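Thanks for coming. I have one structure to go through today, and I will take it region by region. Please have a look at it first.

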Amino acid sequence: MIETSNIKVTKAATSKLPQIDFDNLPFGKTFSDHMLTADYADGEWKNFEILPFGDIGLSPAISALHYGQSFFEGLKAYRHADGQISVFRPDQNAARFNKSAERMCMPTLPEDLFIEGILALVNVDKDWVPSKENYTLYIRPFMFATDPFLGVAPSTTYKFMVLLGPTGPYFSKNLRVKIETEYTRAAEGGFGYAKAAGNYGGSLLPAKKAAQQGFDQLIWTDAKSHEYIEEMGAANAMFVIDGKLVTPSTRDTILDGITRKSIIELAKGFGMEVEERRISVKELLEAIANGTCTDAFGAGTAATIAQVAEIEHEGKTYTLPNPAESVFANKMRKALDDIKFGRVEDVKGWNYMV
Ligand code: PLP
Ligand code: COI
């Protein structure tokens, strides 16, 4: 149980819970009764407050709107069979939050305040954590610049907020993906490794064009040559090739995913060889064509493990083995879920109990 004494809590007069259809929860559309806010001003974080979810008044001149000083995180809370609730590896999100903050020239937030704020908010809205299989409470922390100033300069004031929303799986089917060779998500020296809002804004047009061609997701390639695999939509790209787990090594163009690093650790624990390295499009497509690539999936908090059925590259389609029969992806999904939902002992200390 988290001590909420440092955080002012104002409860909503009524709960929206009775109106929520827990059988119909598209990602990101339903929000819980409360949210957390805090302010950065005069060089320090203050005013940590949990209050009813609702609109906030802001100047139309805030620099987040004009120059994109804004970034976010994504993590989830899970309800165990005995009713206990845990949050998965918030310490990792806290660390990455601050990496994003530094790159976007924004203030860092002490990791204990990030974790404490999230656990306190989830505790207030614990009835919102779904009990249905595969359903979770998505947690969206974010920070944005609030100086009402149109000069291109780092803001001196910021807001940290956390929203919660119950959700089912982000993808409901195996994916048909396209290897993107025109647009780029992130370039060397840029900020692809930060969860900056602009990275997602810039991905919308290529993703929309791909969707119009019937694809569910893009595989991003490197900005210089489009010859190397980087990420898969808003998830890390992972493959099993020749019985080894192969995934692009993280660099400044790639988000260092927490699902990715958890899978790598679990796979090594199962005795599997893991290669974090550059993977060329050519290598991947040859491995699919000759049957040595047995698994392809995106790994992420929202995506969980999203398996790939088909990959298209320059008009040619490559079909993966039937995802339902994949040994590795299904074993990893189960191993991760067993920990997150408290079905096995949490020997790694990944669950933070609410
Ligand atoms: N890559 C991108 C671009 C993402 O947006 C995400 C989602 O958060 C990931 C990878 C996966 O990261 P994580 O497993 O920490 O959610
Ligand atoms: C997450 O997995 O938390 C993400 O950030 C993906 C999101 C952009 C939908």
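I begin where the two domains meet: 20 residues of domain 1 are in contact with 12 residues of domain 2, contact being a distance within 7 Å between C-beta atoms placed from the backbone. On the domain 1 side, β4 (70–72), β5 (75–79) and α2 (90–103) each give at least two residues to the face that touches domain 2. Of these elements, α2 gives the most, with six residues. Sorted by class, that side has eight nonpolar, six polar and six charged residues. Nonpolar here covers Ala, Val, Leu, Ile, Met, Phe, Trp, Tyr, Cys and Pro; charged covers Asp, Glu, Lys and Arg; the others, Gly among them, count as polar.

The domain assignment puts domain 1 at 8–168 and domain 2 at 175–340, and such bounds come from an automatic or database assignment. The C-alpha centres of the two domains are 27 Å apart.

Some conventions before I go on. This is a predicted model, in which local features need pLDDT of at least 70 and side-chain atom pairs count only at pLDDT 80 or more, while totals for chains, interfaces and linings use all residues. Residues are numbered from 1 along each chain as its sequence is written, and chains are lettered from A and ligands numbered from 1 in the order in which they are written. Helices (H or I, at least four residues) and strands (E, at least two) are DSSP runs numbered from the N terminus.

Strand β2 (residues 34–41) runs antiparallel to β3 (residues 44–52), with seven bridges between them; two strands pair if DSSP finds at least two bridges. Across that pairing, Asp39 stands opposite Lys46 in β3. The hairpin of β2 and β3 has two residues between the strands, and Asp42 there takes a positive phi near 55 degrees. Strand β2 is also joined by five bridges to β8 (residues 158–167), again antiparallel, and Thr37 stands opposite Met161 in β8.

Next, Ala145, which sits in strand β7 (residues 136–145). Is Ala145 buried or exposed? Ala145 is buried, because 25 other C-beta atoms lie within 10 Å; the cut-offs are 20 or more for buried, 12 or fewer for exposed, and partly exposed in between, with C-beta atoms placed from the backbone. Leaving aside neighbours within four places in sequence, its contacts include Ile62, Gln69, Met106 and Tyr158.

Arg89 has one of about 50 degrees and lies in the loop between β6 (85–88) and α2. Arg89 is buried, since 23 other C-beta atoms are within 10 Å. Cys105 has a positive phi of about 60 degrees and belongs to the loop between α2 and α3 (111–124). Cys105 counts as exposed, because it has 11 C-beta neighbours inside 10 Å.

Then Lys195. An unreviewed UniProt entry annotates Lys195 as "modified residue: N6-(pyridoxal phosphate)lysine"; such annotations may be inferred rather than shown by experiment, and positions are given in the numbering used here, with feature names shortened. Lys195 is in the loop between β9 (175–179) and α4 (197–201), and is buried, with 24 other C-beta atoms within 10 Å. Beyond four places in sequence, Lys195 is in contact with Phe71, Phe72, Glu73, Arg96, Ser100 and Leu255.

Arg185 is also in the loop between β9 and α4. With 25 C-beta neighbours inside 10 Å, Arg185 counts as buried. Among the residues Arg185 touches, not counting those up to four places away, are Trp220, Glu230 and Glu231.

Last, the ligands. What surrounds ligand 1? There are 13 residues, the closest being Ala234, Gly257, Thr259, Gly300 and Thr301, where near means a C-beta atom, placed from the backbone, within 6 Å. The elements β12 (235–241), α6 (258–269) and β15 (293–300) each supply at least two residues of that shell, and α6 has the largest share, three residues. By class, the shell has five nonpolar, six polar and two charged residues.

Ligand 2 is surrounded by Gly74, Tyr200, Ala234, Gly300, Thr301 and Ala302. Its shell has three nonpolar, three polar and no charged residues. That is what I have; questions are welcome.
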